[in-house]
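Please open the model in your viewer and keep the selection panel at hand. The tour below moves from one selection to the next and says what is to be found at each stop.

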Amino acid sequence: MNAWIIILAANVFLFIVETAQGGSENTRTAIRFGAQDVDLVDRGQYWRLFTSMFVHFGIFHLATNMYALYCLAPAMESFIGPFWFLLIYILSGLFGNILTYETEKKRRRNSLSAGASGAIFGLFGFYLALALIPQYSQLVSMSGILSSLGINLVYGIFNRRINMTAHVGGLIAGFILSFFLLTVLG
């Protein structure tokens, strides 16, 4: 079974359990299932930087992230293999969440954060790196990648409920990891 299918299944399964246990849009439920909270991370619950990648606020949040995973992941995993796919996905999500944590802490805010978006934007980072490396650039459409990124980033700027810090952090991490993988390890 492909790694991306396992990730998708884990997200959907956790969402179902979360919904049955109090509702996916319930703050207490989200915290109980691993959403990121600056105060709790400060108290040593560092695992939330990882688990929050699998917690979603409502069906629309889950559906948009899982649709993006479905669109971006299969070709990527086929191209670089499940190990590198998982590494880029997880590290991008973690970097986005760490950047969110540090940003929120610096601003002295404690907003609740969850979702696979940072990891998903890491996948966009992979395709951006692919488009910029001459020997791979013919495999992808730079205009397609930029338009998809542009739409997502503009939407995020106007929707205050979206964690743009995680998106940008995941994009940067995915791009750097992918560029390194494709050029150095090639």
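Throughout this tour, contact means heavy atoms within 4.5 Å. The model on screen is a predicted one.

Begin by selecting H6 and H8, where Ser117, Gly118, Phe121, Gly122, Phe124, Gly125, Phe126, Leu128, Ala129, Leu130 and Leu132 of H6 meet Ala166, His167, Gly170, Leu171, Gly174, Phe175, Ser178, Phe179 and Leu182 of H8. By class, the residues of this contact between H6 and H8 are twelve nonpolar and eight polar, with no charged residue. If you draw the two axes, those of H6 and H8 come within 6 Å and cross at roughly 40 degrees, and H6 is therefore oblique to H8. The crossing in which H6 passes H8 is right-handed.

Next, select H1, which covers residues 3-20, together with H5; the two pack at an angle of about 150 degrees, with their axes 7 Å apart. H1 and H5 are therefore roughly antiparallel to each other, and H1 passes H5 in a right-handed crossing. On the H1 side, show Ala3, Trp4, Ile7, Leu8, Asn11, Val12 and Phe15, which meet residues of H5 including Ile59, Leu62, Met66, Leu69 and Tyr70. The contact of H1 with H5 divides into 17 nonpolar residues, one polar and one charged.

Now turn to the open spaces, keeping H5 selected. Which residues lie nearest the centre of the largest pocket? They are His61, Arg161, Ile162, Asn163 and His167, from a lining of 40 residues. The elements that each give two or more residues to this lining are H5 (59-106), H6 (117-132), H7 (142-158) and H8 (164-185), and H5 supplies the largest share, nine residues. The largest pocket has a volume of about 1,100 Å³, and its lining comprises 15 nonpolar, 19 polar and six charged residues.

For the last stop, select Thr64, Tyr67, Ala68, Cys71, Leu72, Phe124, Tyr127, Val140, Ser141, Gly144, Ile145 and Ser148, which line the second largest pocket. This second largest pocket holds about 180 Å³ of space. H5, H6 and H7 each supply at least two residues of its lining, with H5 giving the most, five residues. By class, the lining of the second largest pocket has eight nonpolar and four polar residues, and no charged ones.

Note on methods:
Residues are numbered from 1 along each chain as its sequence is written. This is a predicted model: local features need pLDDT of at least 70, side-chain atom pairs count only at pLDDT 80 or more; totals for chains, interfaces and linings use all residues. Side-chain values use heavy atoms; hydrogens and water are left out. On a 1 Å grid over the protein atoms alone, a cavity is a set of points where a 1.4 Å probe fits but cannot get out, and a pocket is an open set with protein on both sides within 12 Å along at least five of seven lines; lining residues have an atom within 4 Å of a point. Grid points are joined across faces, edges and corners, and a volume is the space filled by probe spheres set on the points. Helices (H or I, at least four residues) and strands (E, at least two) are DSSP runs, numbered from the N terminus. Ala, Val, Leu, Ile, Met, Phe, Trp, Tyr, Cys and Pro count as nonpolar, Asp, Glu, Lys and Arg as charged, and the others, Gly among them, as polar. Axes are lines fitted to C-alpha atoms, for helices over the stretch in contact, and angles run from 0 to 180 degrees between N-to-C directions. Angles under 35 degrees count as roughly parallel, over 145 as roughly antiparallel, 65 to 115 as roughly perpendicular and the rest as oblique. A crossing is left-handed if the near helix is turned anticlockwise from the far one by less than a right angle, and right-handed if clockwise.
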